[in-house]
Amino acid sequence: MSRIASVLLPMPLPEAFDYAEPEGMGLQVGDHVAAPLGPRLIRGVVTAIREAAGGNRPLKPIDHRLDDPPLPPGALEFVQWAARYSVDAPGAALAIATRGARAPKARPDRVLELTGAQPGRMTPARTKVLEAAAAGPMPPADLARAAGVSSGVVKGLVDEGALVLRVIEAESRFDSPDLDHPSHDLNPSQAAAAKALADMVREQAFNVALLDGVTGSGKTEVYLEAVHAALAADPDAQVLVLLPEIALTQAVLARFEERFGAKPAEWHSDVAPPMRRKVWEAAVQGGARVVVGARSALFLPFRKLALIVVDEEHDGSYKQDEGFIYQARDLAVARGKIEGASVILASATPSLESLRNAETGRYRWLKLTSRHGTARLPDITLVDMRETPPERDRWLSPPLVKAMGETFAAGEQSLLFLNRRGYAPLVLCKACGEKLTSPDTDSWLVEHRYSGRLVCHLTGFSMPKPEKCPHCGAKDSLTSIGPGVERVEEEARSLFPEARVAVFSSDTAWDAREAKRLVEAMAEGYIDILVATQAAAKGHNFPKLTLVGVVDADLGLRGGDLRAAERTYQLLAQATGRAGRKDHPGRAMLQTYAPEHAVMQALKAQDRDAFVEAEMAEREIMKLPPFGRLGAIVVSGPDLQALEAFTRTMAQAAPNAEGVEVYGPADAPLALIRGRRRKRFLIRADRNVDLSAYLATWRARIKPPGAIRVSIDVDPYSFL
Ligand code: ADP
């Protein structure tokens with residue numbers, strides 16, 4: 001009897017395709033195969049196998065099986081679950097899950113080693129080579145260098161049989177964590193939380209805990225004990241730790257190494273392809289017991305996942321809002337459920353969603369209310385910018401400048417926080433009033449002084465800063481409006497010429513290595529004033545940092561989207577939480593034009609509960625998350641008329657359902673990007689509505705014409 005295999009291809013197709021299984025191939029679900037699609041062979045994964053019923057049209061056969069390790073059932077189920085939830089193609093999720101399999105393998109090491117045979121003729125150069133080779137196998141070029149001879153001498157010894165070339169395949173294993181490695185002594189509240197988490201992990205079943213602890217309370221120390229419990233409970237168990245920023249991975253990797261004497265596997269966009277391949281294989285085969293990574297690590301096909309930690313769980317970077325759209329924190333909980341694993345969400349400022357789940361008892365709630373040791377939380381003051389404004393074209397107010405002076409004089413560090421890259425967010429012509437925007441896009445060009453360019457942060461477009469206004473041709477008329485981190489750096493340098501000032505943003509810490517270098521320089525005291533975007537507001541420990549100045553505390557509140565207040569609160573609480581560690585008390589100053597705003601008052605009083613309560617009450621009245629669900633559909637196309645016509649048809653096709661309201665179509669706030677016009681629908685649904693199913697039904701009823709793109713975002717974080 002012949003069989004049919006359904007094969008999911010890693011591309012945005014609505015479903016798996018059926019192929020005939022060639023005689024004797026013995027396929028199993030999860031196998032990787034090469035299957036024909038049109039004239040090409042595409043690699044895909046078998047998702048189901050069934051006996052062929054006679055009489056059907058013959059199917060194309062699978063070409064061959066690939067020898068990559070099969071995807072475990074949990075990984076495959078997760079891919080399909082995620083696609084259904086995100087109302088996207090399962091192949092798009094599969095593409096993320098098999099990215100590591102498509103990366104090239106590391107080339108095998110070629111090393112020379114001694115055979116023990118003596119060459120026919122000895123020379124001083126040959127003696128040196130044999131002596132150097134006694135240190136152990138090494139690549140031919142290294143051996144020649146170590147002996148200080150030419151490669152010809154080494155080759156001669158190979159020809160005569162005194163050395164032999166051995167090829168070592170790269171192994172897909174990472175060092176095993178040492179579970180007997182000494183750990184820190186935990187303080188009583190840490191010990192209590194660690195025990196509760198370890199007990200939860202030992203149940204070896206799906207459970208979620210919210211580890212809710214103020215900055216510096218030792219959340220990392222505590223979840224490391226849960227990791228220990230998971231690894232100790234089962235010799236095959238694997239652990240995944242998700243982090244929001246590449247900049248943080250280095251610090252967390254170091255903490256792991258300190259705790260377990262071995263570095264975990266690392267997964268993020270900066271990891272080179274052969275290493276990615278190795279991590280992927282080690283995840284499937286069990287050669288990596290711990291993986292630390294960015295959001296896409298959640299799609300790795302773990303063989304036996306026992307625990308997922310989502311550190312800084314509130315962080316907006318867990319939301320991927322391009323391509324395959326997903327929120328890694330939410331999907332982590334889903335993955336935990338599929339794998340029967342524990343999930344720990346850790347944060348000093350948990351998302352309202354997670355707090356709500358903790359309040360209602362769906363998640364276990366573990367709190368750490370004080371900093372470890374003698375460290376105290378910083379004092380927070382609001383600087384009213386209406387009363388004590390900075391000088392013209394300056395951004396730092398007199399009270400903040402005074403505090404910076406005191407801090408510098410005491411040999412301590414300041415962090416100035418401004419969530420804006422570049423020098424100035426806007427360039428304007430004094431002569432004609434024109435604001436310079438990105439071509440075919442509703443977005444201002446941001447001036448970057450280091451690179452001398454104007455950059456569109458939305459599309460990546462950039463150009464040298466022109467000498468004349470491109471609009472009216474006036475010379476030297478372009479002025480920079482408002483501050484970015486580079487401009488604040490300039491101001492700090494002019495105020496404190498002796499201070500060592502640095503900028504931390506994705507322009508200066510562009511990869512994991514640079515970020516690590518800057519974080520270390522700050523931690524070791526080589527920087528006096530660090531001007532930073534949100535990249536530095538998270539997780540880092542800087543022992544000599546005692547002053548945090550927030551340049552524009554109102555910035556995030558202007559966004560006007562659902563989470564504006566929540567995000568501002570989280571960001572500022574995290575930023576101010578950087579100040580003061582160990583025995584240095586810290587202080588934080590927030591420059592604001594709205595000191596009476598509830599967010600500012602809650603920050604000043606360090607009263608998170610008051611903020612959360614007020615914000616929850618508002619969301620409850622509006623039936624917005626976490627009390628309801630939201631979805632967004634952005635429809636875009638090059639031609640406005642065609643777009644309007646299509647969105648009108650789309651509105652008519654919206655299914656009627658109890659507890660669902662559809663708003664729109666309306667112009668998206670960014671109504672034009674790269675020449676494409678954009679319209680948006682917002683969908684609000686009650687909690688008990690399956691919003692994904694609703695959106696999938698709607699999507700199935702419409703047929704966008706060629707040039708129009710429809711992008712569905714379940715639980716949107718960006719409202720642009
Ligand atoms: P959080 O993740 O809550 O911000 P961390 O786990 O990073 O806190 O801890 C903050 C700092 O305090 C770190 O430098 C950490 O090494 C130190 N620390 C926390 N708990 C302990 C402990 N029990 N013993 C020694 N050092 C600790």
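Reader: How far is the sulfur of cysteine 432 from the closest cysteine sulfur, and in which residue does that sulfur lie?
Author: A disulfide is a pair of cysteine sulfur atoms within 2.5 Å. Here the sulfur of cysteine 432 is 3.7 Å from the closest cysteine sulfur, that of cysteine 429, which is too far for a bond. The structure holds 0 disulfides. Please note that this is a predicted model, in which local features need pLDDT of at least 70 and side-chain atom pairs count only at pLDDT 80 or more, while totals for chains, interfaces and linings use all residues. Residues are numbered from 1 along each chain as its sequence is written, and side-chain values use heavy atoms, with hydrogens and water left out.

Reader: Is cysteine 429 buried or exposed?
Author: Buried means under 20% relative accessible area, exposed means over 50%, and partly exposed lies in between (1.4 Å probe, protein chains only). Cysteine 429 has a relative accessible area of 0% and is therefore buried. Cysteine 432, with 35%, is partly exposed.

Reader: Which strands are joined to β1 by bridges, and how do they run?
Author: Helices (H or I, at least four residues) and strands (E, at least two) are DSSP runs, numbered from the N terminus. Two strands pair if DSSP finds at least two bridges between them. Strand β1 (residues 3-8) is joined to strand β4 (residues 40-51) by 6 bridges, and the two run antiparallel. Within this pairing, serine 6 has alanine 48 as its bridge partner. Another 4 bridges join β1 to strand β2 (residues 17-20), also antiparallel, where alanine 5 stands opposite tyrosine 19. Strand β1 is mostly covered, as 5 of its 6 residues are buried.

Reader: How many residues surround the ligand, and which are the closest?
Author: A residue is near a molecule or strand if one of its heavy atoms lies within 4 Å of it. The ligand is surrounded by 16 residues, the closest being Asp185, Gln190, Gly216, Lys219 and Arg255. Helix α8 (residues 219-233) gives the largest share of this shell, 3 residues.

Reader: Which polar side-chain atom lies 2.8 Å from an oxygen atom of the ligand?
Author: A polar contact is a pair of N or O atoms within 3.5 Å; within protein, one must be able to donate a hydrogen and the other to accept it, and residues adjacent in sequence count only if both atoms are side-chain atoms. The atom in question belongs to arginine 255. In threonine 220, a side-chain N or O atom is 3.0 Å from an oxygen atom of the ligand. For serine 217, a backbone N or O atom lies 3.3 Å from a ligand oxygen.

Reader: Where does glutamine 574 lie, and which side chain does its own side chain contact?
Author: Glutamine 574 belongs to helix α16 (residues 564-576). A polar contact of 3.5 Å links its side chain to that of glutamate 312. Glutamine 574 is buried, because its relative accessible area is 3%.

Reader: Which peptide bonds are cis?
Author: Among them is the bond from proline 625 to proline 626, with omega near 5 degrees. Proline 626 is in the loop between α18 (608-622) and β28 (628-637). The bond from glycine 664 to proline 665 is also cis, with omega near 10 degrees, and proline 665 lies in strand β29 (residues 660-673).
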